[in-house]
Amino acid sequence: MEVDRRAFLATLGSVAALESMDSEAKAEALEHYMMQQLDSTVPAAPTPAPDPWRRGTGGLFIPRRAEANAERRLPELAPMPEKPTLVDFYNLRFAPANHVLQSATRALKTGMSEEIILGCLLHDVVLNLIKVDHGWWGAQMVEPYVSEKVSWAIRYHQALRFYPDPAAGYEYPELYNRIFGKDYVPQPHIKQAYDYARNHKWYMEARLITVNDLYAFDPKAVVSLEPFIDIIGRNFKQPKEGLGFDGSPVAHMWRTMIYPNNPL
Ligand SMILES: [Fe+2]
Ligand SMILES: [Fe+2]
């Protein structure tokens, strides 16, 4: 995907706004800008106004443009079934979910394990709920329903994307240099998480999520959830009461996405 530096900066308000952000926040802002561009059917307005909400806010709570120059509106949300499944969330809350579908499709095509494919499919869906620290939130949200390895990989993909591993096929994103300059240093807690993950037996699981992540911003790719239905069935422990209603420690996170309009 081509990223127009000026259009991206405009969403932040100013170059000064960018300079006041730490590296982690810059990378988050860029990734979310790209995901929004990918999911949007219309080209961005030439000079978008700075976003008036905090950048850590989840996508379900942010108004979007339905067409060029139209006013921003909150996305229409269909009610969810009484006992929602993960697939219901993809269809009714995460759609079009282009980025995660593209990354899982690449994992599938390159013959990766079902756990990696599921990790790719899930790695960023929490951005609908909250964006800040999305690796940690995203891992927590799925923890009761996936293998420990999958949630671990989702947690650490956030830190790993700042560190190259050419042997694994992950070069440092040139885009970060181009948009933010070369003097780009991740925050200490991110470095710490990286050091920990680098020496962990599951390092490669999280690394492969970042590898597929890099190639998942193609505006022309056509993707669907269909090839992943069986993989979800085999690897995601769907609670029989429905996500949000199983009394798990994370049920409230799923309920928040079912009812994002509830005031309390
Ligand atoms: Fe991510
Ligand atoms: Fe991603």
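Trainee: Quick one to start. Where is the place of Asp133?

Mentor: Asp133 sits in the loop between α6 and α7. Keep in mind that this is a predicted model.

Trainee: What is phi of Asp133 near?

Mentor: Near 55°. That is a positive value in a residue other than glycine.

Trainee: Is Asp133 buried or exposed, or partly exposed?

Mentor: Partly exposed, because 15 other C-beta atoms lie within 10 Å of Asp133.

Trainee: Moving to the helices. How do the axes of α7 and α8 cross?

Mentor: At roughly 170°, and the two axes come within 7 Å. So α7 is roughly antiparallel to α8.

Trainee: Which residues of α7 and α8 make the contact?

Mentor: From α7, His134, Gly135, Trp136, Gly138, Ala139 and Val142. From α8, Ser151, Ile154, Arg155, Tyr156, His157, Gln158 and Ala159.

Trainee: And what does that contact have by class?

Mentor: The contact of α7 with α8 has six nonpolar residues, six polar ones and one charged.

Trainee: Now the core. Which residues touch the most other members of the largest nonpolar core?

Mentor: Ala104, Cys120, Leu121, Tyr156 and Ala159 do, in a core of 52 residues.

Trainee: Which elements give two or more residues to this core?

Mentor: The list is α4 (86-94), α5 (98-109), α6 (114-122), α7 (134-142), α8 (148-160), α10 (188-198), α11 (203-214) and α13 (251-258).

Trainee: Which one gives the most to this core?

Mentor: Helix α8, with seven residues. As background, nonpolar side chains tend to be buried together in soluble globular proteins.

Trainee: Back to Tyr156. What does Tyr156 touch, leaving out residues up to four places away in sequence?

Mentor: Gly135, Ala193, Ala197 and Ala206.

Trainee: New topic, domains. What does the domain assignment give?

Mentor: The assignment gives domain 1 as 5-73 and domain 2 as 86-254. Their C-alpha centres lie 21 Å apart.

Trainee: How many residues does the contact take from domain 1 and from domain 2?

Mentor: It takes 20 residues from domain 1 and 20 residues from domain 2.

Trainee: Which elements give two or more residues to the side of domain 1 that touches domain 2?

Mentor: Helices α1 (5-12) and α3 (23-39). The largest share, eleven residues, comes from α3.

Trainee: And what does that side of domain 1 have by class?

Mentor: The side that touches domain 2 has seven nonpolar, six polar and seven charged residues.

Trainee: Take Asp39, then. Where is its place?

Mentor: In helix α3. Asp39 counts as partly exposed, because it has 15 C-beta neighbours inside 10 Å.

Trainee: What does Asp39 touch, not counting residues up to four places away in sequence?

Mentor: Pro96 and Asn98.

Trainee: Where is Pro96 found?

Mentor: In the loop between α4 and α5. A cis bond joins Ala95 and Pro96, with omega about 0°.

Trainee: What about Ala97, what is its phi near?

Mentor: Near 50°, a positive value in a residue other than glycine. Ala97 is placed in the loop between α4 and α5.

Trainee: Why does Ala97 count as buried?

Mentor: Because 23 other C-beta atoms lie within 10 Å of Ala97. The cut-off for buried is 20 or more.

Conventions. Residues are numbered from 1 along each chain as its sequence is written. Chains are lettered from A and ligands numbered from 1 in the order in which they are written. This is a predicted model: local features need pLDDT of at least 70, side-chain atom pairs count only at pLDDT 80 or more; totals for chains, interfaces and linings use all residues. A nonpolar core is a set of buried Ala, Val, Leu, Ile, Met, Phe, Trp, Tyr and Cys residues joined through C-beta atoms within 7 Å. A residue is buried if 20 or more other C-beta atoms lie within 10 Å of its own, exposed if 12 or fewer, and partly exposed in between; C-beta atoms are placed from the backbone. Helices (H or I, at least four residues) and strands (E, at least two) are DSSP runs, numbered from the N terminus. Two residues are in contact if their C-beta atoms, placed from the backbone, lie within 7 Å. Axes are lines fitted to C-alpha atoms, for helices over the stretch in contact, and angles run from 0 to 180 degrees between N-to-C directions. Angles under 35 degrees count as roughly parallel, over 145 as roughly antiparallel, 65 to 115 as roughly perpendicular and the rest as oblique. Ala, Val, Leu, Ile, Met, Phe, Trp, Tyr, Cys and Pro count as nonpolar, Asp, Glu, Lys and Arg as charged, and the others, Gly among them, as polar. Domain bounds come from an automatic or database domain assignment.
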